[in-house]
Amino acid sequence: MAINQGFLGQLSILYVEDDERIRESFTSIFFKLFKNVTVAIDGEDGLEKYTELREEKQFDIIISDINMPNLNGDEFIEILKDTGKLDDLDVVFITSTSKKQSHMSSVSEHILGIIYKPFKVDTFVGLLAKIKE
């Protein structure tokens, strides 16, 4: 699959990941693919950055790890939904957990999918292509 950089280059993302090594690695890729990238170190930080920057950044997608301290990915997304902030956003969960996750059905319509680490960039881009549908 060829990477549609034109499509991705129009998107602004909020990337939430607690593991510093993984965060730095993915962030360097995301900066090459997306128009705007905002990085948060856990769900609490993600919630703060979303709240502070949502008018300025107009996020299109939240890419979030699931298992994080302070506020995990599921809880973070549930808070956004409960406060009406998830209405125009899509979510991609990224996790290193090998077991399948069950996610809250109340936010399932916003979840594009779950990608298990490690993953290929083409797999990730294919999932994002669903936004255009």
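Biologist: Which residues of helix α4 are buried?

Modeller: This is a predicted model, where local features need pLDDT of at least 70, side-chain atom pairs count only at pLDDT 80 or more, and totals for chains, interfaces and linings use all residues. Residues are numbered from 1 along each chain as its sequence is written, and side-chain values use heavy atoms, with hydrogens and water left out. Helices (H or I, at least four residues) and strands (E, at least two) are DSSP runs, numbered from the N terminus; buried means under 20% relative accessible area, exposed over 50%, partly exposed in between (1.4 Å probe, protein chains only). In α4, residues 73-82, the buried ones are G73, D74, F76, I77, E78 and L80.

Biologist: Which elements do the buried residues of α4 pack against?

Modeller: Contact means heavy atoms within 4.5 Å. The partners of these buried residues are β1 (12-16), α3 (43-57), β3 (61-65) and β4 (90-95).

Biologist: Which residue caps the N-terminal end of α4?

Modeller: The backbone nitrogen of D74 lies 2.9 Å from a side-chain oxygen. That oxygen belongs to the capping residue, N72.

Biologist: What is the strand order of the open sheet?

Modeller: Two strands pair if DSSP finds at least two bridges between them. The sheet has five strands with parallel pairing, in the order β2-β1-β3-β4-β5.

Biologist: Which strands are the edge strands?

Modeller: An edge strand here pairs on one side only. That describes β2 (36-40) and β5 (111-116).

Technical notes: A polar contact is a pair of N or O atoms within 3.5 Å; within protein, one must be able to donate a hydrogen and the other to accept it, and residues adjacent in sequence count only if both atoms are side-chain atoms.
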